[in-house]
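I opened this notebook to record what I looked up in one structure.

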Amino acid sequence: MLKFAIYGVLGLTYLGLALGYIPGLRMNRATIALVGSAFLIALGVLTLQEAWLAIDAKTIVFLLSMMVVNANLSYAGFFSKTLSVLLSITRSPLGLLLALTFGSGVLSAFFLNDTLALVFTPLTLSLTQALGLNPIPYLLAIAGATNIGSVATLSGNPQNILIGSFSGISYLDFLQALTPIAITGLVIQVALLWLLYPDVRSNQPCQLLKIDNQRIFKPLFKKTVIITTGLLIAFAIGLPLAESALVAASLLLITRRIKAQRILKKVDWNLLVMFSGLFILTKVTQKLNFLQPFTHVVKSDLGLLGITTIMSNLISNVPTVLLLQPLIAQDDTRSWLLLAASSTLAGNLTLFGAVANLITVEAAAELGYKLTFWEHLRFGVPLTLSTLVLVYLWVN
């Protein structure tokens with residue numbers, strides 16, 4: 001009876017994580033992961049001490065610190081300034097598509113992709129509205145590019161942060177291995193949008209182009225850029241990722257220019273709670289030996305690529321990485337890179353495959369624009385399949 005209850009709680013929890021909610025209840029993924037973990041502790045699968053030790057402190061600290069860095073960059077006007085600079089170079093629909101794709105792709109490689117989706121979506125909608133352009137291909141460009149660009153580095157997205165913590169791969173080695181995938185993926189995305197949306201093919205300058213002057217807080221801008229540059233240098237020379245990010249975040253929090261509450265409001269506490277719960281759920285899954293059937297599957301490159309893609313779209317990419325990581329040896333660099341690339345690129349398959357997609361859709365909906373599931377699917381399926389084939393060929 002107890003075993004049935006344990007399996008029932010674990011199954012219901014992962015079903016809730018896959019759906020993003022539990023019917024009839026106002027719960028999100030964070031609360032589902034937390035409540036599921038609590039019930040499993042209550043059922044005696046883990047002690048509270050074991051559950052606490054299951055949470056990877058480095059990952060939580062790194063993620064929290066990067067959120068603080070991103071919040072400061074956002075308040076300083078860094079992202080809006082970067083977009084304005086990119087868009088001042090071009091005055092055509094095709095040029096705008098290229099600027100948004102490669103601009104958001106490059107930025108998402110170094111800063112969390114969810115942040116870029118949140119910041120760039122309203123700016124993109126304002127710009128396309130001023131130009132009288134269909135916003136849908138440009139919204140798709142933002143959603144796709146933030147996922148693809150984030151493949152390149154350990155700081156690009158939450159699942160890569162996890163993989164960096166588990167594998168010990170250096171920041172530069174990871175960058176060198178997956179940057180070609182990210183760049184080629186962005187090129188494929190542009191080509192696909194060019195085929196699907198004839199309106200974006202024009203090279204003729206748009207006469208109605210208006211770029212509003214974004215407000216820049218110069219002292220905060222200067223301080224934030226200097227500290228963030230120092231952080232990227234620390235990553236590049238091989239200093240510990242979590243510790244370096246924590247120091248950078250701490251330096252940014254020492255300020256007279258912006259209230260601490262405003263920065264902390266930008267921190268995605270839901271994501272941190274969800275991560276903590278997922279670590280505990282993963283420990284339970286390991287203890288119950290549920291992962292044994294996948295042991296032989298992940299030993300082949302194609303098997304690992306396939307199971308990661310499927311699971312990432314069923315239960316999301318972060319839970320997938322947490323579940324599969326015990327099956328990969330720490331020194332198996334190729335498998336870690338395959339896991340990182342496939343879990344990220346699989347997020348482009350459907351509208352619900354990545355948080356960045358949902359952020360783009362929700363932000364657009366608040367401003368009166370609807371990006372439907374099917375509109376995204378006809379773009380996401382060929383993009384995901386082509387980039388995953390690219391990953392498989394590149395790694396082999």
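The entries below cover the basis of the model, a pocket, aromatic rings, charges over rings and some single residues.

**Entry 1: basis.** I note that this is a predicted model, in which local features need pLDDT of at least 70 and side-chain atom pairs count only at pLDDT 80 or more, while totals for chains, interfaces and linings use all residues. Residues are numbered from 1 along each chain as its sequence is written, and side-chain values use heavy atoms, with hydrogens and water left out.

**Entry 2: second largest pocket.** I looked up the volume of the second largest pocket and found about 310 Å³. I recorded which residues come closest to its centre: Gly 164, Ser 165, Gly 168, Pro 240 and Leu 241, out of 18 lining residues. Helix 4 (57-76), helix 9 (158-167) and helix 12 (241-253) each give two or more residues to this lining. A pocket here is an open set of points on a 1 Å grid over the protein atoms alone, where a 1.4 Å probe fits, with protein on both sides within 12 Å along at least five of seven lines; lining residues have an atom within 4 Å of a point. The volume is the space filled by probe spheres set on the points, which are joined across faces, edges and corners. Helices are DSSP runs (H or I, at least four residues) numbered from the N terminus.

**Entry 3: aromatic pairs.** How many aromatic pairs does a search of the whole structure find? I found five. Rings of Phe, Tyr and Trp (its six-membered ring) pair if their centres lie within 6.5 Å, and planes under 30 degrees apart count as stacked, over 60 as edge-to-face and the rest as tilted.

The pair of Phe 62 and Phe 235 is edge-to-face, because the ring centres are 5.8 Å apart and the planes stand at 80°. Phe 62 belongs to helix 4 and Phe 235 to helix 11 (residues 218-236), so that this pair links distant parts of the chain, 173 residues apart. I checked burial (under 20% relative accessible area is buried, over 50% exposed, in between partly exposed; 1.4 Å probe, protein chains only). Phe 62 is buried at 2%, and Phe 235 is buried at 1%.

The rings of Phe 78 and Phe 111, with centres 6.0 Å apart and planes at 70°, are also edge-to-face. Phe 78 lies in helix 5 (residues 78-88) and Phe 111 in the loop between helix 6 (93-110) and helix 7 (113-131), so the pair ties together parts 33 residues apart in sequence. Both Phe 78 and Phe 111 are buried. I also noted a cluster in which ring pairs link Phe 62, Tyr 171 and Phe 235.

**Entry 4: charges over rings.** The criterion is NZ of Lys or CZ of Arg within 6 Å of the ring centre and within 35 degrees of the ring normal. Lys 266 lies over the face of Tyr 75, at 5.2 Å from the ring centre. Arg 378 lies over the face of Tyr 197, at 5.0 Å from the ring centre.

**Entry 5: single residues.** Ser 150, in the loop between helix 8 (136-149) and helix 9, is buried at 0% relative accessibility. Asn 160 is in helix 9 and is likewise buried, at 0%. Thr 82 lies in helix 5 and is buried at 19% relative accessibility.
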